[in-house]
Every structure is written in C-alpha cells, then in structure tokens.
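Subject: Structure handover

Hello,

Please find the structure below, handed over for your use. My notes on what was found in it follow.

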Amino acid sequence: AVNTVKETLKESGHNLPSGGGTTYMQARTADMVLRAQMRKIDLEEKKKSLVNRAKAKAHGFKIARQIRDSILNWPSKVSSRMAAELDIDQHLMHTVLEKYIREHLEELSDIKIRVD
C-alpha cells in the first residue's frame, strides 16, 4: 500500500520526502488522486471513449486473418483471366501468383506491431 501511495504521488507530480516515510496527508492526497483517476476512467467508459484492450486485439486479429484469407484466395479468382490476357498456361499463372503472394505474406508476418 505504501508503494502504491508513493507511485501515485510521483505520477501526479508530488515530491516525496527523502526520508522514505509517508505522511497521513500524503496518503490522503494519493487516495484523492486515485479516486479522481477512477472517476475519469468511469466517465470515459460511459462516454464510450475507452476500448476494451482484449476485445480490440481479438477484433484486429480477426480482421487481419480475413484480409490474409482474401489475399490467399485471390490467385484462384484472377489467374485464369490473367493467363488468358498474357496467353500463358493458367496453372503456371496460378502457381506463380500463389508463390509470390505467400512469400510476401511471409515477409509481412515478420513485422512487429507495438501496442502501448
């Protein structure tokens, strides 16, 4: 509890005495700061300006998977038309498109996304 008081006071810009002790007044100040922070969070939740982190990550993963699946299915949709336009073998066109799309998706999978 004492560490929480100290952390709260530091985060809110209050100076702590070098002696290491915490006064009753500092504990009350920390309590007031924490209560204000909680009220702010409650208000932001009610305003719908906060997003559930776990739900957002799950939704982002779902969308990314749908995009990936759509990209992987693209050669099947266009390879015959492209082959006809280029006057080449349809199977060869499909194989080449699929190969390079998979390589590109593999490169994209190495990208690290940082979520704060």
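A residue is called buried when its relative accessible area is under 20%, exposed when it is over 50%, and partly exposed in between, with a 1.4 Å probe and protein chains only. By that scale Asp 31, with a relative accessible area of 35%, is partly exposed.

Some notes on the source. This is a predicted model, in which local features need pLDDT of at least 70 and side-chain atom pairs count only at pLDDT 80 or more, while totals for chains, interfaces and linings use all residues. Residues are numbered from 1 along each chain as its sequence is written, and side-chain values use heavy atoms, with hydrogens and water left out.

Overall layout

The chain has 4 helices and 0 strands, where helices (H or I, at least four residues) and strands (E, at least two) are DSSP runs numbered from the N terminus. Read from the N terminus, the order of elements is α-α-α-α. The chain has 116 residues, and 13% of them count as buried. It exposes about 9900 Å², of which carbon and sulfur atoms supply 56%; accessible areas come from the Shrake-Rupley method with a 1.4 Å probe, and for residues only the protein chains shown count as cover. A contact means heavy atoms within 4.5 Å. Among the contacts in the chain with a separation of 6 or more, 29% are between residues 24 or more positions apart.

Salt bridges

A salt bridge is counted when a side-chain nitrogen of Lys or Arg is within 4 Å of a carboxyl oxygen of Asp or Glu. By this rule there are 2 salt bridges. In general, side chains of opposite charge can pair when their charged atoms come close.

One of them joins the side chains of Asp 31 and Arg 35, at 2.8 Å from N to O. Both residues lie in helix α2 (residues 24–46), 4 residues apart, which is about one turn of the helix. Arg 35 counts as exposed, at 51% relative accessibility, whereas Asp 31 is partly exposed.

The other is between the side chains of Arg 68 and Asp 69, at 2.7 Å from N to O. Arg 68 is partly exposed, with a relative accessible area of 35%. Asp 69 also counts as partly exposed, at 30% relative accessibility.

Surface patches

Patches are made of residues with over 30% relative accessible area and no salt bridge; like charges are joined within 9 Å, and nonpolar side chains (Val, Leu, Ile, Met, Phe, Trp, Tyr) within 5 Å. Lys and Arg count as positive and Asp and Glu as negative, while His and the chain ends are not counted. The place of a charge is taken as NZ of Lys, CZ of Arg, CG of Asp or CD of Glu.

Glu 103, Glu 106, Glu 107 and Asp 110 form a negative surface patch. Of these residues, Glu 107 sits in helix α4 (residues 90–109) and is exposed, with a relative accessible area of 52%.

Met 38, Ile 41 and Leu 50 make a nonpolar surface patch of about 250 Å². Met 38 is in helix α2 and counts as partly exposed, at 49% relative accessibility.

Which residues does Ala 83 touch, not counting residues up to four places away in sequence? They are Ile 88, Asp 89, Gln 90 and Met 93. Ala 83 lies in helix α3 (residues 53–86) and is buried, with a relative accessible area of 4%. From Ala 83 to Met 93, 10 residues on in sequence, the C-alpha to C-alpha distance is 5.9 Å.

Gln 90 is placed in helix α4 and is partly exposed, with a relative accessible area of 46%. With residues up to four places away in sequence left out, Gln 90 touches Ser 80 and Ala 83. Its C-alpha atom is 9.8 Å from that of Val 78, 12 residues apart along the chain.

Loop residues with positive phi

Lys 48 is not a glycine, yet it has a positive phi of about 65 degrees. Lys 48 is found in the loop between α2 and α3 and is exposed, with a relative accessible area of 70%.

Asp 87, also not a glycine, has a positive phi of about 55 degrees. Asp 87 is in the loop between α3 and α4 and counts as exposed, at 71% relative accessibility.

Regards
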